[in-house]
Amino acid sequence: MEIRELRYFVAVAEELHFGRAAERLGIAQPPLSRAIGGLERRLGVALLERSSRKVVLTEAGRVLLDEARAILGAVTAAGRRTRRAAEDRPVLVLAVKSGTAGELLTKLLDAYAAEPGAVAVEPLLCEAHQHRRLLREGRADAALLHLPFDSVTGFDTETVLTEGQVAILPASHPLAGRSRVRMSEVGALPELPMARWPEADGRYPEGPGAEVRNLTQLFQLIALGRTTVVVPESVGVDLRRDLVAVPVLDAPPVTTVIAWPPYSRLRAVADLVRVATGLGPGPGREPGH
């Protein structure tokens, strides 16, 4: 398989329409159709089910889509990392979900900066589910992720911190004065349905709660009395005055991990992982070991 063919296939698989895929690729539709047909013949499988009304991925097509995205991401990442390695001033890019791990991030950056040979660290703020793409495409060298919310499939990880969760409520709400609540109580507030975050494919789960993409938007909606959320304790630190964080007794713990591509051999990433695991429980394992 050629890289060009994989790019063609991904475009068709994501658009599920040959015309739109051809437009996206900047080519005519006939050569695109021939390329996909040739790929199917060489693989000996049908990747797409075509009709006059729609295009649908087969099971084999879904598998190739996942594999092709990983391959194309690795190719893109290789180019980016190679160019960055040639820069006079090396920089390590750390992806962090906007609004999370504030105190932990500060401690990590300060501790790493004190290391001999430390390079500059550039925090890259992102939204939910963007970490995987940033790591896969080489836009980030490492990322702070939160289990069980973020997927770490395909990456090496080490545990940094485990913490409880809190419910974020309007300061005027009756539950805001409680010292603790339970998940059943938070989930049973008809006037404050739980906020909904997008899945990895960008779609939102069904439900009455507000659709949110970042904490700034979320906290504004909670203050307006439209929704609520249960988040790691660290997110509830230094809240705006019209919000309150109440510990949730039976919420599952959240584990912050530092993740990196398994093929990474950057000394700076190894040093950052070692420092990060030193901030929390558990021995560290450096990339490449």
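Me: Which residues form a nonpolar patch on the surface with about 260 Å² of accessible area together?
Reply: The model is a predicted one. A residue needs over 30% relative accessible area to be part of a patch. Val45, for one, has 35%. The residues of this patch are Met1, Leu43 and Val45.

Me: Is Val45 buried, partly exposed or exposed?
Reply: Val45 sits in the loop between α3 (29-43) and β1 (48-50). Buried means under 20% relative accessible area, and exposed means over 50%. The value for Val45 is 35%, so Val45 is partly exposed.

Me: How far apart are the C-alpha atoms of Ala28 and Ala46?
Reply: Along the chain, these two residues are 18 residues apart.

Me: Why do the buried residues of α2 line one face of the helix?
Reply: Helix α2 covers residues 18-25, and its buried residues are Phe18, Ala21 and Ala22. Look down the axis of α2: they line one face because they fall within an arc of 100°. An α-helix has 3.6 residues a turn, so residues three or four places apart point the same way. For the buried residues of α2, the arc is 100°.

Me: Which elements do the buried residues of α2 pack against?
Reply: Packing here means contact, with heavy atoms within 4.5 Å. Phe18 is one of the buried residues of α2. Their partners are α1 (3-15), α3, β1 and β2 (55-57).

Me: Which element gives the largest share of the largest nonpolar core?
Reply: This core has 22 residues, and Phe9, Val12, Phe18, Leu32, Ile36 and Leu48 have the most contacts inside it. The elements that give two or more residues are α1, α2, α3, β2 and α4 (59-85). The largest share is 7 residues, and it comes from α1.

Me: Which residues is Val12 in contact with, leaving aside neighbours within four places in sequence?
Reply: Val12 is among the residues with the most contacts inside the largest nonpolar core. Leave aside its neighbours within four places in sequence. Val12 is then in contact with His17, Phe18, Ala21, Leu32, Ile36 and Leu48.

Notes: Residues numbered from 1 in each chain as written. Predicted model: local features only at pLDDT ≥ 70, side-chain atom pairs only at ≥ 80, totals over all residues. Heavy atoms only, no water. Patch = residues over 30% accessible without salt bridge, like charges linked within 9 Å, V, L, I, M, F, W, Y side chains within 5 Å. Areas by Shrake-Rupley, 256 points an atom, 1.4 Å probe, with all protein chains shown as cover. Salt bridge = Lys/Arg side-chain N within 4 Å of Asp/Glu carboxyl O. Helix = DSSP H or I, 4+ residues; strand = E, 2+ residues; numbered from the N terminus. Buried < 20%, exposed > 50% of the residue type's maximum accessible area, 1.4 Å probe, protein only. Arc of directions from axis to C-beta. Core = buried A, V, L, I, M, F, W, Y, C linked by side-chain atoms within 4.5 Å.
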